[in-house]
Amino acid sequence: VLAWLPLAGCKKDAEAKTFLTDFDSFTTEMVKRVDAASNPADGVDDAQKYFDSRKTEMTGKMDKLKAIRGYQVGEETKKMMESSLVEDAKKVANLHAKYIGASMRDPAFKAKLDKLTTDYQGLFKM
């Protein structure tokens, strides 16, 4: 019976999935704030405020997610971790493609968008 105790404590699938869900919701809300604004520059400002207000919380969650080792989660969760984070990063990166015209016409807008995406990408740094 004691041999099973270490294995029972190793699985962190539920914790990892909760972090991924929270991170996905955060990312989706951030992108939505840019897309929903009538003026993309105002949307980027709103998204930056939202990011800044949740940065500490999301950094903590990302740090906990990064601390989960492969042997602590099942194969399905490993794949979910990979694909979910890649998809979230794509959502934010796609803002550059979507607003390329505005970025080319307005250097101030481009700088704001660059800052937002760089700040977001900073959550992924080790």
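A helix here is a DSSP run of type H or I with at least four residues, and helices are numbered from the N terminus. By that numbering, Thr-77 is found in helix H4. The model is a predicted one.

The overall make-up comes next. The protein has six helices and zero strands, so that reading along the sequence gives the pattern α-α-α-α-α-α. Its radius of gyration is 18 Å, well over the 14 Å that the globule rule gives for 126 residues, so the protein is more spread out than a compact globule. Along the principal axes, the C-alpha trace spans about 65 × 25 × 25 Å.

Of the 126 residues, 35% count as buried. The accessible surface comes to about 7600 Å², and carbon and sulfur atoms account for 60% of that. As for charge, there are 22 positive and 20 negative side chains, and the centres of these two sets lie 2 Å apart.

Contacts can also be sorted by how far apart the partners are in sequence. Among contacts between residues at least 6 apart, 78% join residues at least 24 apart. Phe-19 and Met-81 give a case of sequence distance set against distance in space: they are 62 residues apart in sequence, and their C-alpha atoms are 9.4 Å apart.

Phe-19 lies in helix H2, which covers residues 13-36. Is Phe-19 buried or exposed? Its relative accessible area is 10%, and buried means under 20%, so Phe-19 is buried. Leaving out residues up to four places away in sequence, Phe-19 touches Lys-61, Lys-64, Leu-65 and Ile-68.

Thr-77, in helix H4, has a relative accessible area of 1% and is buried as well. With residues up to four places away in sequence not counted, Thr-77 touches Asp-13, Ala-16 and Lys-17.

Note on methods: Residues are numbered from 1 along each chain as its sequence is written. This is a predicted model: local features need pLDDT of at least 70, side-chain atom pairs count only at pLDDT 80 or more; totals for chains, interfaces and linings use all residues. Side-chain values use heavy atoms; hydrogens and water are left out. Helices (H or I, at least four residues) and strands (E, at least two) are DSSP runs, numbered from the N terminus. The radius of gyration is taken over C-alpha atoms; the globule rule is 2.2 Å times the number of residues to the power 0.38. Buried means under 20% relative accessible area, exposed over 50%, partly exposed in between (1.4 Å probe, protein chains only). Contact means heavy atoms within 4.5 Å. Accessible areas come from the Shrake-Rupley method with a 1.4 Å probe; for residues, only the protein chains shown count as cover. Lys and Arg count as positive and Asp and Glu as negative; His and the chain ends are not counted. The place of a charge is taken as NZ of Lys, CZ of Arg, CG of Asp or CD of Glu.
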